[in-house]
Amino acid sequence: MDCLFCKIIERAIPSSKVYEDEMCYAFRDINPQAPVHVLVIPKLHFASMDEVTADNSKYVAHIFECIPKIAAAEGLSGGYRVISNCGDDACQSVKHIHFHILGGRQLSEEMA
């Protein structure tokens, strides 16, 4: 498999790790859209929200349990945004499900 995020998990490609446990890995985005921009990915490969099933949904649930801890560790006490792009029309650039944590300033209400 030629997946950028799988290679990051395997340490074949370097990243700035923020958090890791047995089910997920979080690292700083190389093209941040906010002062804090962290990506959280499951250690199991599946492409997007369209591939969430009863068998792999525990990874998504676990990530959503970890996101508040990561946000707190990053000092995001005033709030933050969580985004997951799904498919080409949403500009999903890496076909490995992932969640963006954005914060560190007042974010725009504009989502276009």
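Biologist: Why does Lys7 count as partly exposed?

Modeller: Lys7 has a relative accessibility of 28%. Buried means under 20% relative accessible area, exposed over 50%, and partly exposed in between, with a 1.4 Å probe and protein chains only. The 28% of Lys7 lies in between, so Lys7 is partly exposed. This is a predicted model, in which local features need pLDDT of at least 70 and side-chain atom pairs pLDDT 80 or more, while totals for chains, interfaces and linings use all residues. Residues are numbered from 1 along each chain as its sequence is written, and side-chain values use heavy atoms, leaving out hydrogens and water.

Biologist: What makes Lys7 and Asp2 a salt bridge?

Modeller: The rule asks for a side-chain nitrogen of Lys or Arg within 4 Å of a carboxyl oxygen of Asp or Glu. For Lys7 and Asp2 the N to O distance is 2.6 Å, so the pair meets the rule. Asp2 is exposed, because its relative accessibility is 68%.

Biologist: What makes a pocket a pocket rather than a cavity?

Modeller: On a 1 Å grid over the protein atoms alone, a cavity is a set of points where a 1.4 Å probe fits but cannot get out, whereas a pocket is an open set with protein on both sides within 12 Å along at least five of seven lines. The largest pocket here has a volume of about 680 Å³. It is lined by 28 residues, and the closest to its centre are Asp29, Gln33, His37, Asn85 and His100. A lining residue has an atom within 4 Å of a point.

Biologist: Which element supplies the largest share of that lining?

Modeller: Helix 1 does, with three residues. Helix 1 (4-9), strand 3 (36-42), strand 4 (80-83) and strand 5 (99-103) each supply at least two residues. Helices (H or I, at least four residues) and strands (E, at least two) are DSSP runs, numbered from the N terminus.

Terms used
Grid points are joined across faces, edges and corners, and a volume is the space filled by probe spheres set on the points.
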